[in-house]
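Let's look at how the labels attached to a model follow from its numbers. Here is the structure we will go through together.

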Amino acid sequence: MEMNVKLQAFEGPLDLLLHLIDKNKVDIYDIPIVEITDQYMEYVRAMDQSDLDVMSEFLLMATTLLDIKSRMLLPREEKEEDGEEAEDPRAELVQQLLEYKMYKTISYQLRDRQMDASLVFYKEPTIPDEVLKYEQPVDLEELMGDLTLNKLNDIFNQVLKRQDNRRDPIRSTFGKIKKEEVSLEQKMEWTIAFAKAHNTFSFRNLLEASHSKTEVIVTFLCILEMMKAGQINITQEDTFTDILIESKIAA
Amino acid sequence: MELKEIENIVEGILFAMGGTVEPSKIAKALEIDEKQVVEAIESLKSNYKEQNRGITITEIDGAYQMCTSPDIYEYLIRIAKQPKKYVLTDVLLETLSIIAYKQPITKSEIEKIRGVSCDFAVSKLVEFGLCTELGRLDAPGRPMLFGTTEEFLRSFGVSSIEELPELSQTQIEEFKIEAENEANNVEVTI
């Protein structure tokens with residue numbers, strides 16, 4: 001319980017970590033991670049575990065520490081070939097701690113400034129907003145000037161004319177491009193007629209008369225439709241080979 | 001127009017208008033150069049200072065506002081009801097300083113520095129009028145960007161963001177040396 005009271009003072013895992021580093025009088029750039037992790041875990045264990053949000057933040061830091069700890073314990077690989085030293089697993093944490101410490105220091109300086117600034121009283125606006133933002137109403141008489149109804153009509157016609165002029169005289173005569181439509185019924189009739197004329201034929205034969213993708217699709221739908229109606233039999237030897245259609249409709 | 005004359009007019013305008021007044025506005029009204037307005041204000045300020053007057057003029061984000069001199073605070077609070085002062089907790093102050101120095105900044109960037117969720121702190125700062133939403137970052141999720149307000153400058157007695165106290169490189173070096181010295185006195189085992 002004693003611990004709990006003490007812990008209230010920490011604003012987060014970084015804060016606690018900084019405290020431990022200060023308390024142990026160690027270099028932020030060379031954190032004895034094993035010791036610090038052990039102490040950190042001790043604090044976390046003593047924490048009030050009811051606040052899960054706070055707890056998870058501290059636990060996240062604990063796992064980071066444990067991760068670093070385990071990596072520190074592993075034998076370090078000497079990378080002599082590239083002459084580069086393997087990166088210290090603590091580097092990122094150190095960077096984070098330093099930045100945090102920096103803002104902590106700055107925030108104390110800000111607090112001093114706020115103390116000084118609180119001795120000053122500012123002159124608030126005395127003139128009410130509606131007076132400050134007052135704008136002279138528009139004089140309609142003046143605005144209308146010598147505008148008459150006839151003039152307004154002229155202007156309206158001019159606007160219409162301008163819109164007319166804007167129209168491209170050549171392009172505007174072009175017809176609209178219509179969406180090509182292939183109706184299933186029409187195609188059905190045609191396919192049935194085809195099936196009557198031929199006893200057996202391949203799907204490819206059928207498509208020779210098709211001119212567009214839509215038409216191919218509709219033709220395929222016709223085949224499915226006729227198959228369902230039992231008007232044709234379909235065989236295909238292998239995937240992607242030609243579909244053979246046997247007509248059952250008497251000519 | 002004589003400098004003295006401009007000073008008098010500017011003094012009256014700043015008093016009557018209250019709040020912050022931009023020098024360009026005064027210049028337009030007086031049909032003079034903005035430089036002359038600023039010159040007159042600076043001259044007024046130094047007059048107030050020389051004569052130890054109870055009021056002064058402060059600059060906030062390029063605009064000017066009249067305020068009391070800190071020297072009269074002691075007497076002023078005896079007659080004026082002391083305004084309620086909100087005390088910024090360490091959390092709020094830390095969050096505020098990160099926003100002030102890194103603005104515009106998103107919540108997740110603040111959280112990365114502090115290692116703790118900052119929803120509460122940021123919304124409190126916005127509530128106090130010290131911070132405000134600045135729009136959204138053009139990034140996945142379009143996170144909200146935050147920055148400080150004019151009220152922030154007033155509350156901390158700085159005339160612009162550039163005037164905020166800065167940690168010098170030497171200070172940062174000092175941190176490092178301090179820590180290293182401490183480390184030398186302790187046997188460090190890993």
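Q: How many residues of chain A and of chain B are in contact?
A: In this predicted model, 44 residues of chain A are in contact with 57 residues of chain B. The area buried between the two chains is about 4,700 Å², and carbon and sulfur atoms give 64% of that area. On the chain A side, A:Y103, A:F121 and A:Y122 lose the most area to chain B, together 16% of what that side buries.

Q: What makes the meeting of B:K102 and A:E99 a salt bridge?
A: The cut-off is 4 Å between a side-chain nitrogen of Lys or Arg and a carboxyl oxygen of Asp or Glu. For B:K102 and A:E99 the N to O distance is 3.0 Å, so the pair qualifies under that limit of 4 Å. The count between chain A and chain B is 3 salt bridges.

Q: Which element gives the largest share of the side of chain A that touches chain B?
A: That is α5(A), with 16 residues. The residues of this side of chain A divide into 21 nonpolar, 9 polar and 14 charged.

Q: Why is α5(B) called roughly perpendicular to α7(B)?
A: The two helices of chain B pack at an angle of about 80°, with their axes 9 Å apart. Angles of 65 to 115 degrees count as roughly perpendicular, and therefore α5(B) gets that label relative to α7(B). Residues making the contact include B:L92 and B:I99 of α5(B) and B:V122 and B:L125 of α7(B). By class, the contact has 7 nonpolar, 1 polar and 1 charged residues.

Terms used:
Residues are numbered from 1 along each chain as its sequence is written. Chains are lettered from A and ligands numbered from 1 in the order in which they are written. This is a predicted model: local features need pLDDT of at least 70, side-chain atom pairs count only at pLDDT 80 or more; totals for chains, interfaces and linings use all residues. Side-chain values use heavy atoms; hydrogens and water are left out. Contact means heavy atoms within 4.5 Å. Buried area is the accessible area (1.4 Å probe) that two parts lose on being put together, summed over both. Helices (H or I, at least four residues) and strands (E, at least two) are DSSP runs, numbered from the N terminus. Ala, Val, Leu, Ile, Met, Phe, Trp, Tyr, Cys and Pro count as nonpolar, Asp, Glu, Lys and Arg as charged, and the others, Gly among them, as polar. Axes are lines fitted to C-alpha atoms, for helices over the stretch in contact, and angles run from 0 to 180 degrees between N-to-C directions. Angles under 35 degrees count as roughly parallel, over 145 as roughly antiparallel, 65 to 115 as roughly perpendicular and the rest as oblique.
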